[in-house]
Amino acid sequence: MRLTVFGATGGVGREIVGQALAAGHEVTAVVRDPARLPEPLDAGALHGVVRLDDPAAVRAAVAGRDAVLSGLGARGRKADGVAERLTGLIVEAMAAEDARRLVVVSAAPVGPVPDGEPLMDRLARKAVGAVLAEVYADLARMEALLAASATDWTSVRPPRLTDGPCTGAYRKVVGGAPLSSRTISRADVAHAMLGLIDDPAAVRKGVGVAY
């Protein structure tokens with residue numbers, strides 16, 4: 001497949017690019033700073049590298065692609081509207097080029113609470129939500145933007161991210177969240193995002209993933 005990956009220098013974005021290349025896909029990376037691309041993901045391995053602040057290049061990067069994937073998001077507790085703002089740029093570029101398939105990373109607290117959630121999980125979710133309220137609010141606005149768009153979007157909603165390996169062994173709930181979702185590796189989030197590209201059941205839906 002011909003894929004374009006936004007946020008390719010971030011934790012999830014790097015994993016998406018690396019796994020996509022290993023699977024033989026053609027990958028264009030869209031980044032804020034090309035100098036931050038790690039050596040294994042340098043321009044020699046990629047179909048192209050595009051700067052996020054170049055609107056014409058971004059439009060060209062999404063034109064004619066089989067799917068666009070985004071690992072963009074806040075890097076700390078201060079979101080500054082980054083997910084909403086940058087995803088808006090992606091949606092605008094895709095609309096201009098009549099590109100349809102978009103898979104983005106969000107977060108479990110943005111999605112529904114699973115039925116039968118244990119009390120300890122509920123308390124932990126509230127505690128984390130209080131600390132990262134700004135980040136989750138930004139992601140909620142991003143998802144609202146997607147819902148109002150014409151894209152065939154999927155929002156992947158993981159709980160706390162780790163730097164563990166790609167196992168391929170995780171739970172996935174389309175339109176909901178796995179019960180007692182606690183952690184998942186960035187590598188497995190990337191694995192899930194790539195696997196959902198061709199899943200019609202996930203189009204215009206959130207997908208909860210967790211171990």
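So, the side chain of aspartate 188 reaches the backbone nitrogen of glycine 168, and the distance is 2.8 Å. Keep in mind, everyone, that this is a predicted model.

Where does aspartate 188 sit? It belongs to helix H6, which covers residues 186-196. And is aspartate 188 buried or exposed? With a relative accessible area of 0%, it counts as buried, because the cut-off for that is under 20%.

Leaving aside residues up to four places away in sequence, aspartate 188 touches Pro165, Cys166, Thr167, Gly168, Tyr170 and Tyr211.

Let's step back to the helix as a whole. H6 is mostly covered, with eight of its 11 residues buried. Besides Asp188, the buried ones are Ala187, Val189, Ala190, Ala192, Met193, Leu194 and Leu196.

Before I stop, let me show you a helix pair. Helix H2, residues 55-62, packs against helix H3, residues 82-97, at an angle of about 60°. Their axes are 9 Å apart, and the crossing is right-handed. Which residues meet there? From H2 we have Val58, Arg59 and Val62, and from H3 they meet Ala93, Met94, Ala96 and Glu97.

Note on methods:
Residues are numbered from 1 along each chain as its sequence is written. This is a predicted model: local features need pLDDT of at least 70, side-chain atom pairs count only at pLDDT 80 or more; totals for chains, interfaces and linings use all residues. Side-chain values use heavy atoms; hydrogens and water are left out. Helices (H or I, at least four residues) and strands (E, at least two) are DSSP runs, numbered from the N terminus. Buried means under 20% relative accessible area, exposed over 50%, partly exposed in between (1.4 Å probe, protein chains only). Contact means heavy atoms within 4.5 Å. A polar contact is a pair of N or O atoms within 3.5 Å; within protein, one must be able to donate a hydrogen and the other to accept it, and residues adjacent in sequence count only if both atoms are side-chain atoms. Axes are lines fitted to C-alpha atoms, for helices over the stretch in contact, and angles run from 0 to 180 degrees between N-to-C directions. A crossing is left-handed if the near helix is turned anticlockwise from the far one by less than a right angle, and right-handed if clockwise.
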